[in-house]
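Please look over the model below before reading the notes. They are meant for someone who has not seen it before.

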Amino acid sequence: MSPQLITLIINCFVGAMIFIGFLWGVGRGLYKSTFRLVFVLAICAVMLYAAPTISNFLVNFDISTIYPLEINGITVTSLQNLMMSFIEGNAEISDFLNANPALLSYAQQLPLVIVNIVVFILGVYLFKFLTYPIYAMLAHFLIPKQKKDEEKFYKQNKHRFFGGV
């Protein structure tokens, strides 16, 4: 046998041990990670359907019933009306959007899009925070734990000592 072949066999053996250790670790951690992923995806799915409804309510909510607000001489009734008032107040933007009716419809939807993104992100984090105790209890009961025996630990230490000698 040549030295290169012996080195190749040793490297393949070490590589196989590393790969087996990698697979062992993936197998142990994959169950826990998959459980967390499913939980987070469920929260995202709930917020995906709830965020547009909440956003639509927030954009069209009449603010003047709670607090009469005036910005630059414009009485604010809702976020949608505030955005359209700003567009109409700026002559250049107003002329540009009136010349392009397709862009006008996008400009009218802009507050809803921005509020929808913010509501989705805040809702996911708030929902994750509020449901974390439920996740922790389910994970405690559903994810198997490793058994740690003191006798096994002692035997390992004894074997390590002899292996080190």
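The numbered points below go from the whole chain to single residues.

1. The model is predicted. The protein chain has 165 residues, and 15% of them count as buried. Its secondary structure consists of five helices and two strands. Read from the N terminus, these elements follow the order α-β-β-α-α-α-α.

2. Helix H1 covers residues 3-60, and phenylalanine 13 is part of it. The relative accessible area of phenylalanine 13 is 53%, so this residue counts as exposed, the cut-off for that class being over 50%. Phe13 also belongs to a nonpolar patch on the surface, together with Ile6, Ile10, Val14, Met17, Ile18 and Ile20. The accessible area of the patch comes to about 680 Å².

3. Methionine 47 also lies in helix H1. Is methionine 47 buried or exposed? Its relative accessibility is 8%, so methionine 47 counts as buried, since the limit for that class is under 20%. Along the chain, methionine 47 and isoleucine 121 are 74 residues apart, while their C-alpha atoms are separated by 8.7 Å.

4. Threonine 77 sits in the loop that runs between strand E2 (74-76) and H2. With a relative accessibility of 26%, threonine 77 is classed as partly exposed, because this value falls between the limits of under 20% for buried and over 50% for exposed. From threonine 77 to threonine 65 the C-alpha to C-alpha distance is 8.2 Å, and the two are twelve residues apart in sequence.

5. Two packed helices are described by the angle between their axes and the distance between the axes. Here the pair is helix H2 (residues 79-89) and helix H4 (residues 101-142), whose axes come within 10 Å and cross at roughly 135°. The crossing in which H2 passes H4 is right-handed.

6. Asparagine 98 is placed in helix H3, which spans residues 91-99. Its relative accessible area is 53%, so asparagine 98 is exposed.

7. To recap the residues by exposure: phenylalanine 13 is exposed, asparagine 98 is exposed, threonine 77 is partly exposed and methionine 47 is buried.

Terms used. Residues are numbered from 1 along each chain as its sequence is written. This is a predicted model: local features need pLDDT of at least 70, side-chain atom pairs count only at pLDDT 80 or more; totals for chains, interfaces and linings use all residues. Side-chain values use heavy atoms; hydrogens and water are left out. Patches are made of residues with over 30% relative accessible area and no salt bridge: like charges are joined within 9 Å, nonpolar side chains (Val, Leu, Ile, Met, Phe, Trp, Tyr) within 5 Å. Accessible areas come from the Shrake-Rupley method with a 1.4 Å probe; for residues, only the protein chains shown count as cover. A salt bridge is a side-chain nitrogen of Lys or Arg within 4 Å of a carboxyl oxygen of Asp or Glu. Helices (H or I, at least four residues) and strands (E, at least two) are DSSP runs, numbered from the N terminus. Buried means under 20% relative accessible area, exposed over 50%, partly exposed in between (1.4 Å probe, protein chains only). Axes are lines fitted to C-alpha atoms, for helices over the stretch in contact, and angles run from 0 to 180 degrees between N-to-C directions. A crossing is left-handed if the near helix is turned anticlockwise from the far one by less than a right angle, and right-handed if clockwise.
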